[in-house]
Amino acid sequence: MEWQCLTRVECEKRLGTSAQNGLPTREARNRLKEFGKNELEPPKRKSLLRRFLAQFSDFMVIVLLIAAGISFVTSYLQKDQDYIDAIIILAIVVINAITGLVQESRAEKAIEALKKMSSPHARVIRDGIERNLAAAEIVPGDLVLLKAGDLVPADLRLTEAHDLKAEESALTGESLPVEKHAGRTYPPDTPLGDRRNLLYANSSITSGHGKGLVTATAMQTEVGRIAHMISDQEAPQTPLQRKLEQTGRWLGIGALIICAVIFLMGLFQHIKPLEMFLISISLAVAAIPEGLPAVVTIVLAIGVRRMAAKRGIVRRMPAVETLGSASVICSDKTGTLTQNRMTVVELATASGKLRMDSAEGQNLLKLAVLCNNCTVSGGAVHGDPTEAALVHATPVSKTELDALYPRVLEIPFSSERKMMTTVHKIGNGKYRVVSKGAPDILMAHCTSRSAAAQNEAMARRALRVLGVAYKDLPSLPTDRASLEKDLIFCGLIGMMDPPRPEAKEAVALCRKAGIRPIMITGDHAATAAAIAKELGILTPGTSVMTGEELNRIPQQELTRDIYQYAVFARVSPEHKVRIVQAFQARGEVVAMTGDGVNDAPALKTADIGCAMGQSGTDVAKAAADMILADDNFATIVSAVREGRGIFENIKKTVHFLLSCNIGEILTVFVSFLLHLPTPLLAIQLLWVNLVTDSLPALALGVEPIDRDIMERKPVKPTQSIFAGGMGYNILVEGCLIGAMSLLAYSIGRIFFDIDPASPVIGRTMAFAVLSFSQVVHTFNMRSSQSVFRAGIFRNKKLVLAAVVCVVLQLSVIVIPPLAQIFKTVALVPQQWLIVTALAFVPLVVVELEKAVGRAAEKRNERRRKAKGHSAPSIHI
């Protein structure tokens with residue numbers, strides 16, 4: 001119901017209550033049974049078992065489980081008790097499932113944070129008697145008493161308001177406390193922050209006192225609606241998750257098709273079904289990079305640690321990579337792009353601007369601090385943010401000024417008068433009257449010339465402007481009304497919540513990196529536009545849209561026109577979600593920054609939500625993927641750079657692992673087509689995938705980030721991970737590795753094995769070449785430059801991983817107990833020489849390919865320059 005539209009009397013009737021005596025106790029008990037406790041509902045939780053089983057729904061995981069099952073069955077049928085393949089695969093799957101389970105439950109944490117924010121107690125009138133009740137016991141229709149410092153326990157329609165102001169920035173995004181009025185009504189489409197006759201649950205009273213009738217409790221409040229949105233909104237998959245899922249699906253389907261074809265071919269050739277099962281398992285193991293999920297998880301974890309060192313705390317690991325794909329950053333204004341602290345930024349008189357450090361400017365500020373109700377204790381200033389800004393701007397402490405010029409009288413500020421007056425002793429029995437307030441009102445009480453032009457100019461720049469006036473009296477008059485007559489106008493003080501110093505540079509970096517910065521705020525359009533222009537967010541060709549305008553257009557139209565707007569002002573939590581979804585519908589990867597309760601649904605809806613660590617509410621932090629520990633908008637730009645680097649390194653890792661797996665598939669598949677004994681056993685393929693593939697792949701994940709990475713455009717989420725020729729390179733390099741392994745197998749089987757039907761030496765040589773060539777191939781993956789130009793020892797972790805892999809591979813061939821497990825034999829020096837030579841072939845071939853590519857680039861560059869120089873000159 002639109003309670004802001006109703007008068008106080010109409011609200012009493014609708015709620016069946018009294019604005020003087022409140023509800024009868026019996027009626028309150030009945031309503032408590034009807035509406036329930038004033039507490040937010042926890043989300044419906046799946047059982048631990050169901051959440052654990054849900055981790056096994058990924059297509060690649062299903063294929064791995066099938067492979068493990070078949071491996072177990074074949075080992076059982078063969079009665080060799082060799083279950084190591086099945087055990088290793090199951091261990092990988094279970095570890096990944098546990099990791100996924102631990103990273104869940106963000107919505108539950110967000111709701112818990114909202115519950116913690118709830119007001120524990122409230123003063124309520126029932127049966128005409130004031131009572132102190134637990135906030136959970138409050139029901140619709142209750143009459144609540146409020147004073148400065150109170151938390152609002154539920155949504156209220158005010159019945160009385162005496163200089164009442166409420167701090168609602170966490171809900172509405174408005175940086176200043178909002179003045180409330182009980183006697184006014186507002187149209188149905190009035191934005192949340194402009195409904196001045198309503199108070200919202202979890203906001204706080206900063207000054208004044210009043211009464212209000214409870215209109216909504218628990219999940220029916222504005223905060224409750226946000227809790228619903230957090231629970232209902234599904235966090236989208238990250239681009240990397242989508243691409244890896246797609247890759248896994250292709251690999252899984254491809255593996256199943258190959259296995260099925262091979263199995264049927266074997267049956268047509270009258271090969272025993274059990275033997276075909278074993279060959280199919282070998283192919284399945286070869287086709288699927290079992291270590292890929294673990295490698296990606298570890299690379300992301302390393303990225304999380306590096307980002308934490310730069311003040312970005314990541315709550316969900318895939319979010320690290322998502323930042324690298326971000327093409328739009330939707331940022332809240334208050335506390336994110338601005339300092340969330342009112343600051344004096346300009347002084348002026350009727351004749352023009354004043355310097356802050358001038359004698360006239362200092363006198364103006366001193367007068368404003370005298371006519372001021374802030375208190376100072378322990379170096380901290382307490383009180384209204386506007387008055388606190390005046391105290392902070394004045395070099396002389398308020399305590400000293402109050403001691404020098406004791407206050408003897410005050411005419412308090414009221415919303416009707418829009419001004420405040422104090423009287424101070426100034427010595428020799430004289431008194432100084434100081435008034436401050438709305439400039440247009442104050443100037444009507446002054447004798448000096450008007451500063452209306454300066455006031456209008458400052459207001460156009462979205463400054464909050466206060467006027468200050470004074471006069472000296474020989475004695476106190478008996479008529480208090482005369483105190484505010486014939487004042488001398490002293491000047492104007494302009495205040496604003498200023499932008500963060502580093503935010504402008506961060507916005508410029510975003511644009512350079514191809515990222516569109518967008519401001520979304522609950523504050524007024526004029527204020528938002530002024531800040532956005534100063535930061536470079538609102539540029540020519542873009543405009544401001546208000547929440548009122550958003551209400552009038554359907555989502556389809558918003559999606560169509562979304563690029564026309566750079567600032568969205570006076571918006572509600574629902575509007576923020578709509579804006580994020582509109583950009584997502586246009587194919588953008590959206591990052592959302594914010595700190596308030598009102599930001600939480602959009603933080604969860606966005607591809608990556610970034611909450612402020614210092615000023616952010618618990619609700620925003622719980623709904624976000626990442627927390628900016630220093631509340632610095634610039635930190636997100638550093639995080640984007642880190643995310644892009646991580647994505648590039650993961651691409652290198654995927655490139656490396658898949659090219660290696662193609663080599664394995666080719667080795668097994670071609671051998672079968674040639675009716676040769678299987679060149680690689682399943683346990684040998686698992687060893688290669690999990691050890692000699694995975695360790696170098698991890699080292700690739702910590703490659704230094706390219707210097708020009710922030711000058712590139714964001715990677716489109718629809719772009720395949722294999723784009724840019726990566727798929728072709730994987731295929732060629734995989735064929736090369738497979739060919740070398742087959743060659744080693746053939747040499748060993750033909751020239752060294754006693755029994756070619758049982759090629760132990762050939763199989764060992766193929767196993768060694770496959771493993772060593774992949775280790776060597778890792779160095780090809782580091783850069784598009786020559787491995788020698790990029791620096792072999794620049795990535796010391798890769799060198800260490802290569803050495804460890806070589807030692808491990810040698811151990812499973814040379815050490816007898818391990819050789820027995822892996823079914824290998826020790827090789828003689830001649831065989832090792834062949835293995836070494838074949839293992840280095842991929843490095844030589846790829847180096848030649850890079851050299852040819854560089855030569856072609858240079859030729860094309862020379863041709864372009866030649867065409868430019870040969871162009872005919874035109875003389876005028």
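The legends below describe an overall view and several close-up views of a predicted model.

**View 1. Overall architecture of the predicted protein.** The protein contains 35 helices and 24 strands, and 54% of its 876 residues are buried. Of the contacts with a separation of 6 or more, 72% are between residues 24 or more positions apart.

**View 2. The tilted aromatic pair of Y565 and F568.** Five aromatic pairs are found when the whole structure is searched. One of these joins Y565 and F568, with 5.9 Å from centre to centre and an angle of 50° between the planes, and the pair is tilted. Y565 and F568 are both buried.

**View 3. The stacked aromatic pair of F767 and F822.** The ring centres of F767 and F822 are 6.5 Å apart and their planes meet at 20°, so this pair counts as stacked, the cut-off for stacking being planes under 30 degrees apart.

**View 4. The aromatic cluster of W687, F767 and F822.** The rings of F767 and F822 also take part in a cluster with W687, in which the three residues are linked by ring pairs.

**View 5. A lysine over an aromatic ring, K165 and F413.** K165 is placed over the face of F413, at a distance of 5.6 Å from the ring centre.

Methods
Residues numbered from 1 in each chain as written. Predicted model: local features only at pLDDT ≥ 70, side-chain atom pairs only at ≥ 80, totals over all residues. Heavy atoms only, no water. Phe/Tyr/Trp six-rings, centres within 6.5 Å; stacked < 30°, edge-to-face > 60°. Buried < 20%, exposed > 50% of the residue type's maximum accessible area, 1.4 Å probe, protein only. Lys NZ or Arg CZ within 6 Å of the ring centre and 35° of its normal. Helix = DSSP H or I, 4+ residues; strand = E, 2+ residues; numbered from the N terminus. Contact = heavy atoms within 4.5 Å.
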